[in-house]
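Subject: Structure handover

Hello,

Here is the structure I said I would pass on. My notes on the fold, the sheet pairing and the cores follow below it.

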Amino acid sequence: MAAATSDVAVWWPRPKNPASDFAGIDRRIAECDRRAGKMEIRLLLVPYDSGQRNVRMGAGPEYLCKAGLEKHLATQGHDVDTRVIEPASVNWRAEVQTSFELMRAVAEQVRATRAAGRFPLVLSGNCLAAVG
């Protein structure tokens, strides 16, 4: 499932078959591309589901990177860098608190990525990342 808004694409991965997920990501990048197919992409990983890191759907973003997403995009001619978004609190993880912290962090990272002239591709384990 994916949603695209202006210059930002949000993708919720299904970690069972990365090859088919890469095809979907390629299609969405092509839909948003304005520079003859070559882009400066920043992968923004939000590996959280319900406030928990790397569990259930939260495992999807880093799974896709370990499966070779960055290399795949680079072979398509894109310049790719990656950032992992973490919540501000480090000691206590409550679902609602963590979710709001992640939404704020996603918004900040997308703004910074656009200001740097890069395309933000958000890979998230939770639909709340779309709010950010």
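Helices (H or I, at least four residues) and strands (E, at least two) are DSSP runs, numbered from the N terminus. This is a predicted model: local features need pLDDT of at least 70, side-chain atom pairs count only at pLDDT 80 or more, and totals for chains, interfaces and linings use all residues. Residues are numbered from 1 along each chain as its sequence is written, and side-chain values use heavy atoms, with hydrogens and water left out.

**Overall fold**

The protein chain has 4 helices and 7 strands. Along the sequence they follow β-β-α-β-β-β-α-α-β-α-β. Of the 132 residues, 44% count as buried. Buried means under 20% relative accessible area, exposed over 50%, and partly exposed in between (1.4 Å probe, protein chains only). A contact means heavy atoms within 4.5 Å. Among contacts between residues at least 6 apart in sequence, 70% join residues at least 24 apart.

**Strand 3 and its partners**

Two strands pair if DSSP finds at least two bridges between them. Strand 3 runs parallel to strand 6 (residues 79-84), with 6 bridges joining them. There, leucine 44 has arginine 83 as its bridge partner. Strand 3 also pairs with strand 7 (residues 119-124), in the parallel sense, over 6 bridges. In that pairing, leucine 43 stands opposite leucine 121.

**Cores**

A nonpolar core is a set of buried Ala, Val, Leu, Ile, Met, Phe, Trp, Tyr and Cys residues joined through side-chain atoms within 4.5 Å. The largest one has 12 residues, among them Ile41, Leu43, Leu45, Leu69, Val80 and Leu121. Strand 3, helix 2 (60-66), helix 3 (69-75) and strand 7 each give two or more residues to this core. A second, separate core has 10 residues, including Leu44, Leu102, Val106 and Ala129.

**Helix 4**

Does the length of helix 4 (residues 95-115) agree or disagree with its residue count? It agrees: at 1.5 Å a residue, its 21 residues should span 30 Å, and its end C-alpha atoms are 30 Å apart. The expected span is 1.5 Å times one less than the number of residues. Buried residues in helix 4 include Leu102, Met103, Val106 and Val110. Just after helix 4, glycine 117 takes a positive phi of about 80°.

Best regards
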